[in-house]
Each structure stands twice: as C-alpha cells, then as structure tokens.
Amino acid sequence: MELLETVLGPLRDGLYAVMMPVSNFIWSYILVYLLLGAGLLFTVMTRGMQFRLFRHMAHVTFTARGAGDGISGFQAFATSMAARVGTGNLAGVALALWIGGPGAIFWMWVTALLGFATSFIESTLAQVYKHRHEDGVFRGGPAFYIERCLGWRWLGSLFAVFLIIAYGLAFNAAQSNTIAQGMSGAFGIPNWVTGVVIAALAGVVIYGGLKSVARTAEKIVPVMAIAYLLVALWILFANLSAVPDMLSLIVMSAFGLGPAVGGAAGYAIKAAMENGIKRGLFSNEAGMGSTPNAAAQATVKHPAAQGLVQSFGVFVDTIVICSCTAVVILLSGVYERLLSESPGESIEGIQLTQDAMVDHLGGFGEIFIAIAILFFAFTSILANFSFSSVNIEYLFRHHAKKAVGVFKIIILAMVLLGSVAELSVVWDFADLAMGLMATTNLFAILLMAPIAVSVLKDYERQRRQGIEEPLFDPAILKNPELVDEDVWPVREAKEADR
C-alpha cells in the first residue's frame, strides 16, 4: 500500500491542483446562476407548466405502461429514477446539510421547482430528435439533439465524453463507494467484498442490454421509494411537534439567519446555495442532460407526454425522497450533537444518515438505510450504464458494439475500484464532471427551448380539443426535415399528397 501511495500520491495531488480550481469556478460563477436562470426562463416560457400540469404529470406517469416490443414511458421513467434516486438522496443530502447547513435543503427545493421546467425541455427535445435502433429501443439525448438541431457534432461529442466520464466512471464509483460504506457500517462487510458482489450482480443485468436495465429498474425503484417514504413519514408524525421549528430552521438558514454549522460563525448564503443546488442537481439531474437519454428510449405518441413524465420524476426525487432524508436527519439528535462535538470535521455522508435513522429506530434504522442505499445505488449503477452506452454508441457509431462491450468491462471495474476509494476524491471528481456536463447541456437547450415549447403548445391544443392521447406531427416545427421520419412521420404532408 505504501508503494502504491508513493506512485499514485503525486498523480492524485497533481490532478487535484488542476481539477479543483476548474470545478470551483464552474459551480461558483457559472452553473449556479445558469441553472437557476434557465429554470426560471423555462418556467416563464412554459407558463408555469410544473404548476398548471402537475396532476396531469402524475396521471401520465402512472398510465404510461404499454410499449409493444420497446420500452414504455413508465419503464423509461423508472430508468431515469434509478439514476436520480441514489447516493444523492441519502449521502448527498447529508453532505449538503453538513457543509451548507439546513438552508441547503431550501435551495434543493428551489432547484427542484425550477427543474420541473428544465427537465421537461430537455426530455421533450430528446423525444423529438430520437432515432430507432436495430434492437427495437430508441436512442436519443443531448448529444443527438445537439447534432441534429444545431448541427454541431463537435459539441454533441464533447457532451458525450463528459457524460461517459461522469456516469461510466465518477458516478458509478460514487454509488459503489456509498453501498460499501453502508454495508460496512451495518453488517461489518469489508468494502472490497461488497464491490465484488455488486459488480457481479450489475454484470448480469447490463449484459442483458437496455431492456434488461429498464425491466429491473421498473421492479426495484418503486418498491424501495415507497418503503423509504413510509419510514420517513412515520418519523415525521412521531416528531410532529418539532416539525414547525425544523421548517423555520431550513428557511431562515437559507438566508444566513441560522446557527453555526461546521465551525462557521453563522451561515454563508453562498455556501447554502452552492451546496443545495449542487446536491439537488446531483440528485434530480434536471438540466444535467442525463435523464433525456432515458426519456428518448420510451415509445410514446407525443414527445411532450414523456417530457411531463420526466418532470414528475424531479418531484419524486427531490421534493419527496430528498426531503425524507432531511426530515430523518434534522428531527434526530445526531445533527445537533455533531455540530457541538465535531464542528468543522469532515463526515461520511451515508454514515450521518445511518446514525440519524438509528437515533429514531434503533438498530433497525442502520440496517434499513444500508438496504435502501444498496437498492437505490445499485439501480443507479444500472442506469449509469444505460446512459453511458447510448453515448458510446453515438461516438463510435460503426464500431458501437465493440466499444460498448469494452465499456461494460470498464464500468464494472469502476464499481470495484469505487468500493475501496476515498469518498472525497470520488465526490470531487463527480462534481467536476457533472458541472461540465450540465454547462454544455444547458447552453444547448437554451438555444433549442422554443422547439420544446411549441411541442407543448401542440400537446395542450390537442387535449383542449378532447383528444385523450395527442399524436405528434413534426409539421408543426419550423424544420421538420431534421426529425427522423421513421420515428415521427409527417402526417400533414402525406395527407396533402393524397
């Protein structure tokens, strides 16, 4: 180990010297404002679709089942939720609380409310510009719509590289690391053993292809999400008298009015915003450009329908599940005790969540969190493969099968390495990759947003006419020739020919 540290230590330190200033600049001066600004703009452009259409979002999500031989809208939703619901919901929320204070939760909520519209825009664009693959599953996402609509394959390729680094490497390592920490804390299982088992199980699923990933996610994600919600609700009602003070603390802390955290004299609004938005984005992924890769796979009759489904995913992820973690931690005695006993010290995110759950439920709490993170993070690894493989295919095209085959091995290797890696290294690398990805995607969808808005208007127009399931006709677009006619035939033109 000493020899390994001697060889890798200088390489790691050099990487940090370059990586951290870039990551800090992106998050401090670009992405926080770009993300909030884009979300606000899209909310205005869609006339507050997240508020007007919330009930319809839920309805479309839970009724999007049939897809023939392809992937249904709900399966695509489950795949995207598999990526969303993972370390960001349990370990990430805990880290945001510790570094940014309870006010970070407020900014998570703000990010989510604006993220509804952002997620709709990017997922709808993914549906519009998707293409049919030989395996019967559609392919699409930011790399595809950037090239098709903007004509910039270089930028699409750049995004694909960022996504592969983020999802195939950094995020898979982060998910594996958190599973290993949880299993070690609850059952004393060595990290490397957990890594081997998770890699083996993941290999069984990913070698079955994208349909295998979608079917697995559809079965696991809803069950664990409901179980986690029920436990959090029990804790909430058991501590109902403390809830008003908790909510007051969250809101006041968001604006620098709360008590000290991590050794700081008072809260810095900037710290609360940055950590809340960063972890909120890591969790719900709105604007990052990841979930559109899943959204494009769905077999639906209108792109806006899947856009609404993916928007609902932001609500489930952040407003529901992330809030559950915040409730568990803030209503326990663990958080305040750590503030007084260990101010300024670094923590393991999943350990804080586990300790808080133990404070509420005893030994069962630690076991429950370990099992929850096992399933949440495991399905995230599967979704990460799905997203990465789509972008590997985009980059290599004519040699896609060989490239995906090689990358499956790399992904499983990252799962193994991540289980024994240092957590801070994994998270810092993930932050940088996520920042580069999100910046690229947000720049592109800001240019393309009017297209998604016109698609939404068409969807709503048909519903006002009494059409229960609107059908998409690319003739409504200014450049319908950019859409794959094999996927979305131009019906108006064909009728005119007759």
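1. Let us start with N391. Leaving out residues up to four places away in sequence, N391 touches A143, F159, A160, L163, I164 and N293, where contact means heavy atoms within 4.5 Å. N391 is found in helix 17, which covers residues 363–396. Helices here are DSSP runs of H or I with at least four residues, strands are runs of E with at least two, and both are numbered from the N terminus. With a relative accessible area of 0%, N391 is buried. As a guide to these words, buried means under 20% relative accessible area, exposed means over 50%, and partly exposed is in between (1.4 Å probe, protein chains only).

2. A word on where the values come from. This is a predicted model, in which local features need pLDDT of at least 70 and side-chain atom pairs count only at pLDDT 80 or more, while totals for chains, interfaces and linings use all residues. Residues are numbered from 1 along each chain as its sequence is written, and side-chain values use heavy atoms, with hydrogens and water left out.

3. Now for the overall picture. The protein has 20 helices and two strands. Of its 498 residues, 59% are buried. The accessible surface comes to about 19,300 Å², and carbon and sulfur atoms account for 66% of that. Accessible areas are worked out by the Shrake-Rupley method with a 1.4 Å probe, and for residues only the protein chains shown count as cover. Among contacts between residues at least 6 apart in sequence, 83% join residues at least 24 apart.

4. V415 gives you an example to look up in the structure. This residue is found in helix 18 (residues 400–418), and its relative accessible area of 0% makes V415 buried. What is V415 in contact with, leaving aside its neighbours within four places in sequence? The list is N172, S176, G195, I198, A199 and I381.

5. The expected span is 1.5 Å times one less than the number of residues. Look also for a kink of about 40°, centred on G115. The bend at a residue is the angle between axes fitted to the seven residues ending there and the seven starting there. Helix 6 is mostly covered, with 23 of its 26 residues buried.

6. Helix 10 also has a kink, of about 30° and centred on A217. Its 29 residues should span 42 Å at 1.5 Å a residue, and the end C-alpha atoms are 42 Å apart, which agrees. F237 has its place in this helix, which runs over residues 210–238. Is F237 buried or exposed? F237 is exposed, with a relative accessible area of 56%. Together with I226, L230, L233 and L240, F237 makes a nonpolar surface patch of about 500 Å². Patches are made of residues with over 30% relative accessible area and no salt bridge; like charges are joined within 9 Å, and nonpolar side chains (Val, Leu, Ile, Met, Phe, Trp, Tyr) within 5 Å.

7. Next, the charged pairs. A search of the whole structure finds nine salt bridges, each being a side-chain nitrogen of Lys or Arg within 4 Å of a carboxyl oxygen of Asp or Glu. One of them joins the side chains of R47 and E460 (3.5 Å, N to O). R47 lies in the loop between helix 1 (2–45) and helix 2 (49–52) and E460 in helix 19 (residues 423–464), so the pair ties together parts that are 413 residues apart in sequence. R47 is partly exposed at 49% relative accessibility, whereas E460 is buried at 11%. R47, R52 and E460 are linked in a network of salt bridges.

8. Two further pairs deserve a look. The side chains of R397 and E147 meet in a salt bridge (2.6 Å, N to O). This pair links distant parts of the chain, 250 residues apart: R397 is in the loop between helix 17 and helix 18, and E147 is in helix 7 (residues 142–150). D458 and R461 form another salt bridge (2.5 Å, N to O). Both of these residues lie in helix 19, three residues apart, about one turn of the helix. D458 is buried at 6% relative accessibility, while R461 is partly exposed at 35%.
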